[in-house]
Every structure is written in structure tokens, then in C-alpha cells.
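Here are some worked exercises on side-chain contacts. Have your viewer ready and try each task before you read its solution.

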Amino acid sequence: MPADSSPTSERSDSEHLAVLGYEDTFDRSMTLWANFALGFTYLSPLVGVYSLFALAVSTGGPPSIFWLLIVGGGQMLVALVFGEVVSQYPIHGGIYPWTRRLWGRRYAWMAAWVYIWAMIVTITAVAEFGSGFLASLIGLPVTKAVTLGLTVLFLIVALGLNFTGTKTLGRVARIGLAAELIGVIAVGLYLLIFQRHQEFSVFFNSMGVEGKGSYGVAFLGAALAGLFLFYGFEACGDVAEEVADPARRIPRAMILTILVGGVSSLFAFGGYVMAAPDLQSIVDGKDADPIPAILQASLGDVGAKIFLLVALTAFLSCVLSLQAAASRLLFSFARDGMIPGHRWLAKVSPRSKVPTNALIVACSIPVILCLIIFVGPDGLLTQITSFAVLGIYVAFQAVVLASLRQRIKGWRPAGPFSLGRAGFVVNVAALAYGVFAMVLLAVPGRSGVFLNDWIVLIGLVIVMGVGLLYLFIARPDRKSDAPEGDAIRVAELLRSKGR
């Protein structure tokens, strides 16, 4: 869908931004399709399903597929809340400006601090996982040295593409979207139709995964199948000032991301289950990486190579989208003077119209984490990334809670995307879902190894503890006079201007 570049559209976007206290300095070249592609490649069902399939099936059996429906429905509630917020506040940075305008500076500092570290760790993890595909494609052994080199290559290539501007980001996101759809829907449908080794009734068969215990416990343990997958739609709002008519288009892009991502994930997950020649060995945990064998058996050598190439495209696009979203959050944080080096981080390239310094940071810190992983013990990647998803859910619910607080105080969202009277009910339901999801993510494991069982909470406590120390010692909130807690007043202003 082409962007509306008429003078009237440009003036309305600029006027909306002026009401929020900012100048329109970015190139609004991102269309609805490109914005949706950005969120979808961040969500990346191909990456998520590939990474979690064996864990989900060995924990909850084939019925673990239903977590995709449960979490998809819950995250749709969150996306609807976000849609109303971004429709009133189409500002770069997403989580940070939304929580600031809905609550206040300190609250926004903590939400953004947790979120930015979760995003940076996620960038590192996706690049690390993608390096394995690249190594397989070019025939290199997957050693720690090879993984380090290819991971850094992923990060630098994505940085170079991001440097060229928003149009390149949109183009690569669309290519990544096509790769994702081929890799998950097309392959999933092919496996479901032509390579079935199981009956459809298998999705209601635990296949003994619960052992002598309760299947309910096993099913709850498989929740990660969905919880690790359905985020990324918020990235559509991170680049709000580069989208034409963002108040209308970004909420649609978020909803499309959840819907298409959910359908894609179901096809992929279901296809792998149905095409598994020895599903019982996966359920029993004897095959920790079954998808390559399933693809090899179903697609042959050439087909498997083509899939690797498609997967690589999806991984690169995912890293690109993650870097872009993280840089816009850093820029938004810096523009309000809320982070060390804020003047440097808030600079926008006059040529490419992107925050190049923030992009450098969004690439450099993951490179440092890659070096730490390289010199550290085996399994360190899993340990340092385990808090990331919980951190993202905490940041999401910070927005949902702040939105509900404003509604109780009388806020009626004034953007063109509105749920009307249903907004309050959706907001409460989204908060209830979010609390449920965070509890599932934070429950300690039962391996008997303290660090492994408690690493999710330990990681979150460390990140939040450091953030609180900086907040109360350096007091960055005192250095910023940008608007805060003004949801009701801004809604009245927008209504008075007919927005």
C-alpha cells in the first residue's frame, strides 16, 4: 500500500507531532506494508518456531501447539491497547515515550531501561542463532570461533544496511517478510499436505510426556512455545516518526503482525509435528534438534539448502529490524536527556535521516556480548538471554498498567484508532493476561541447579537493580523537562484540533 504523501497528510502528521512537543525531522517514507514487515520480521515466526519446537514438544507433547493460540490471543489484547496509545502518541521509541506520557519520568526510565537491555540481548541471540544457519550453508564447522566471526558479520551487515536509511530498512523488511512467509507458511503447508506421518488427532495426544505426573503441569511448562514468540509487534511503533499517517497505520500494522504471525507459526509448528518420521523420539527428548532431519527427509538436499538460504534472509532481516527498533528507543531516550551521552545519541544524520550514533550503540554492545560469550563457558548464551523475554513482558505490562491508570483517571484515547467503550475491558484483560504470562516466565526451574533454575529472575533483578541505582544516584529525570503524564490534556488538545 503506497504512502499518502500529499501535503495535507504531511501537515496533519507534523501538526500532531507539534501538539506532542516535537518537530517533524525524519523522512516519512515507511508505508503500512513496510511497517507491518518490520514488526513481522522482528516477531519472526521462523526463528521462534525453529528455536523452540523441540523444547515445546519434549515438554508438553504435540498439544503444546495450543499455546500459540492462547498467547496469540493474549498478545492481541496487548496490541489493541498499544494501538490506542500509539494512535495518540505516534512518537519514536515506543515503550519509553508511551510510559512517560501515561505516567511519568521515573516510571518511564525503568520501563525503557529494562526494555532496551532485553532488546540488546535479543539482537545478540538472534545473530548468534543465525550464524549457525550461515555456517551450515557454506559448509563451516560450528565452532566457537566460527560462530563469533559469523555473528559479528551479521551485526555489521545489518548496521551497514540500517545506515543507508529508512527506505532500505523498509525494503529489507519486505524481503524478510517474503522469506518468512515462504519459510513458515509455504513449507508448513507442504509438510502438512504431502509429508504427513501423523494423524491430526496427534495434537490431542500427550504421547506420555507427563510421565507419572499431571499433564496440566507439563502443558504449563510448554507455555514457552508461545511466550517466546509473540512479541515484536511493538517495533511498528518504535519508528513512528518515519511512517506516513502513523496514528492510523501503526495500529493496523501491529494487529496484522499478530494475526499473520500467529497463522504462520501454526502452519510451521503443525507441519513439523505432522512430518516428523519419529515423533516419539522428539517427545522423549532424544532428538534435541529435529527440524534439520525433518527438512532433509521431506525436501531433500537441494530443498534443505534452499530453506537454509530463506532462513538466513529471515535472520538477517530480524537483526536489522531489532537494531532499528533499539536505536529509535535509544534516540527517544536521548532526545529527552534521560541517558548518558544524550546529545551524541540524539543526533540524526542529515543525509540518511536515521539516528546513526544510536545505531552504532545498538550494534556495538551486542558485539561485546558476543566476545563475552566466546570467552565464557558453554551455555552462557542461554543464561544471559533467559531474562530477555521476561524483561520484554515487564516493559509491555508497564504500558498496559499505565494506560489503565489513566483510564481510571478519566482518559479517553484521542487518536483515530479507538476501541471506544470496549477499551477499558480490553485494557483490564490485557493486564490480567500479562500478569499470568510473567508468572509463567518467572517460575523457577526444577533441575536442582540453583543458577539454572533461577537465572530468569536473577537476570531481571540485576538489570532492574542497576537501573534503580543509576536513577536515584545520577537522577537523569532531573535533567529532562520533556512532557510527562499528560494523556488527558493531550487528548483534549487533539480533539479540539479535530485530529
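The exercises below go through rings, charges, a surface patch and cysteines in this predicted model.

**Exercise 1. Classify the ring pair of Phe82 and Phe233, and find which parts the pair ties together.**

Solution. Start with the whole structure, where a search finds 21 aromatic pairs. For Phe82 and Phe233, the ring centres are 5.8 Å apart and the planes meet at 50°. Planes under 30 degrees apart count as stacked and those over 60 as edge-to-face, so this pair is tilted.

**Exercise 2. Which rings have the charged ends of Arg335 and Arg405 over them?**

Solution. Take Arg335 to begin with: its charged end sits over the ring of Tyr22, 4.0 Å from the ring centre. Then take Arg405, whose charged end sits over the ring of Trp103 at 4.2 Å from the centre.

**Exercise 3. Describe the salt bridge between Arg105 and Glu484, then look at other charged pairs.**

Solution. The structure holds 10 salt bridges. In the one between Arg105 and Glu484, the N to O distance is 2.8 Å. Arg105 is in helix H6 and Glu484 in the loop between H20 and helix H21 (487-496), so this pair ties together parts 379 residues apart in sequence. Arg105 is partly exposed at 25%, and Glu484 is partly exposed at 31%.

Move on to Arg475 and Asp477, which form a salt bridge with their closest N and O atoms 3.1 Å apart. Arg475 counts as buried at 15%, and Asp477 is buried at 4%. To finish, look for shared partners: they join Arg101, Asp486 and Arg489 into one network.

**Exercise 4. Which residues make the nonpolar surface patch, and which helix gives the most to it?**

Solution. The patch covers about 380 Å² and is made by Ile408, Phe424, Val425 and Val428. Helix H19 (residues 422-442) gives the most, with three residues. Val428 is found in that helix and is partly exposed, with a relative accessible area of 35%.

**Exercise 5. How many disulfides does the structure hold?**

Solution. The count is zero. Check Cys236: its nearest cysteine sulfur, that of Cys318, is 13 Å away. Cys236 is buried at 0% relative accessibility. For Cys363, the nearest cysteine sulfur belongs to Cys370, 9.1 Å away. A disulfide needs the sulfur atoms within 2.5 Å, so Cys363 is in none. Cys363 is buried too, at 5%.

Note on methods. Residues are numbered from 1 along each chain as its sequence is written. This is a predicted model: local features need pLDDT of at least 70, side-chain atom pairs count only at pLDDT 80 or more; totals for chains, interfaces and linings use all residues. Side-chain values use heavy atoms; hydrogens and water are left out. Rings of Phe, Tyr and Trp (its six-membered ring) pair if their centres lie within 6.5 Å; planes under 30 degrees apart count as stacked, over 60 as edge-to-face and the rest as tilted. Helices (H or I, at least four residues) and strands (E, at least two) are DSSP runs, numbered from the N terminus. A charge sits over a ring if NZ of Lys or CZ of Arg is within 6 Å of the ring centre and within 35 degrees of the ring normal. Patches are made of residues with over 30% relative accessible area and no salt bridge: like charges are joined within 9 Å, nonpolar side chains (Val, Leu, Ile, Met, Phe, Trp, Tyr) within 5 Å. Accessible areas come from the Shrake-Rupley method with a 1.4 Å probe; for residues, only the protein chains shown count as cover. A salt bridge is a side-chain nitrogen of Lys or Arg within 4 Å of a carboxyl oxygen of Asp or Glu. Buried means under 20% relative accessible area, exposed over 50%, partly exposed in between (1.4 Å probe, protein chains only).
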